Amino acid sequence: MDFDDPGFRELIDALHDGVYITDADGITLKVNSAYERLTGLRAEDVVGQHMQALVEQGVISQSVSLRVLKEGKALSLMQSVSQGKRLLVSGTPIFAADGRVRYVVSTVRDMTELLRMKHERDELQQLKQLRNSTAKLHAGQRDDLLDASPVADQPASGRVFMQARQVASSDVKVLLQGETGVGKTLIAQYIHKSSPRAAQPFLALNCGALPENLIEAELFGYVPGAFTGAGSKGKRGLLELAHQGTVFLDEIGDLPLPLQVKLLKVIEESRFIPVGGLELKEVDVRIITATHHDLRKMVAEGRFRADLYYRLNVVPIHIPALRERPEEIQPLLDFYLAEFNQRYGRVLSWELEALDALTDYGWPGNIRELINLVERLVVTVSGERIELFDLPEEMRIARSDVGEGDLLPLRKQVENLERRLIRRALMQHKTTREAAKVLGLSQATLVQKMKRWEQG
């Protein structure tokens, strides 16, 4: 083979990987320009040299060609060159007609470049999985968040959903206001799903759950080596991952002032700089925010930027606390009881007095507290009905002794007493006929009272 042929030289120089060719004795015959670029070694430094001599001189750390000649098969190994660069070298034997090795052709790749390519591939795969999971979320059993909500047809929540539907078609900034646990994330998801961005990612970040440096890294991403403990590959932030989708920033009032400046730049210019980076990144995202704080008061106190507040507060939507919409408590209780019954294979139902206690309860944790309670009851209650004594003490107190100054109207107290007596009679006598007889009522009266309580 004529390794000095111009056509052959042109061919191997066109390859992106380095090429290193030795003969059957381990003498270097040819290298291409990519090898020179990757290693910093010139052809005249190695051509004609024995591989063992190059190892002994410290030019390379070890020779794959010598290993291939010794073992007679293709091999790969990591090799260090004098510049300190690490290379992946794969040697392949070329056999003569008599079966002996005639040449060894090795390909050389820079591991730094390989790792970069792998990182880019992994990021693309993660983004693909993110988009797939988002699509599955939209296509699942809760595809229609409005239909999935048991209170969307109630007056208070109905108004909230109507406002959300009205703003969904545009990219107008929405600020969701309300106490913790009222369902701000659900409304943000509904806005996203009802928008032209529905097929793209919906990513959420709670600004009050992380320290400042981690919020910044999660939101804007960082470049390799940006700070102590940063990943060697860097990381894409939520803004970049949610490109063409929606980012939901919960508890925006807890966002530190320095990050408020960076967020304002994203809103005004649709671009940002990752942590430790120098290059601006363009991004197309819709930003929805939420808070339980009084942002106007925070602006007056200098704890929240006025310019950011007015940018975010284009369309404010207030979600009332659960205690302000008592008519929604029972539908929510029934809805989540059915859901957790199905999840845990139970057939529990509410006992009337327990349902009354939960309806009268103030729910300081709002819907989140309600969901957690129902799941706990489904898991822990041993019978088939959830009764008053199954509830936490603070919820039972509301139905038992009321303190001075908190007396209920006499009619309400009499009604509560009737319920307890009828419940006790039903537990002892099992049928409405026998219970009514013991209480001195007609069966029709007892049934009528029970129906009125169920409907009310």
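Q: Among contacts in the protein between residues at least 6 apart in sequence, what percentage join residues at least 24 apart?
A: In this predicted model, the figure is 62%. A contact here requires heavy atoms within 4.5 Å.

Q: Why is the space lined by Y20, Y35 and M51, among others, called a cavity?
A: A cavity is a set of points where a 1.4 Å probe fits but cannot get out. The search of the whole structure finds 1 cavity of 30 Å³ or more, and about 80 Å³ of space lies in the largest cavity.

Q: What makes S63 and V108 lining residues of the largest cavity?
A: A lining residue has an atom within 4 Å of a cavity point. S63 and V108 are on the list of residues that line the largest cavity, as are I60, V64, S65, Q79, V89 and S106. The elements that give two or more residues to this lining are α5 (64-71) and β5 (101-110).

Q: How many residues of each class are in the lining of the largest cavity?
A: The lining has 7 nonpolar, 4 polar and no charged residues.

Q: Why are I215, A217, L219 and F220 of helix α10 called buried?
A: Buried means under 20% relative accessible area, and these residues of α10 (residues 212-220) fall in that class. Their cover includes β7 (202-206), α11 (238-241) and α12 (257-269). In the whole protein, buried residues make up 41% of the 456 residues.

Note on methods
Residues are numbered from 1 along each chain as its sequence is written. This is a predicted model: local features need pLDDT of at least 70, side-chain atom pairs count only at pLDDT 80 or more; totals for chains, interfaces and linings use all residues. Side-chain values use heavy atoms; hydrogens and water are left out. On a 1 Å grid over the protein atoms alone, a cavity is a set of points where a 1.4 Å probe fits but cannot get out, and a pocket is an open set with protein on both sides within 12 Å along at least five of seven lines; lining residues have an atom within 4 Å of a point. Grid points are joined across faces, edges and corners, and a volume is the space filled by probe spheres set on the points. Helices (H or I, at least four residues) and strands (E, at least two) are DSSP runs, numbered from the N terminus. Ala, Val, Leu, Ile, Met, Phe, Trp, Tyr, Cys and Pro count as nonpolar, Asp, Glu, Lys and Arg as charged, and the others, Gly among them, as polar. Buried means under 20% relative accessible area, exposed over 50%, partly exposed in between (1.4 Å probe, protein chains only).
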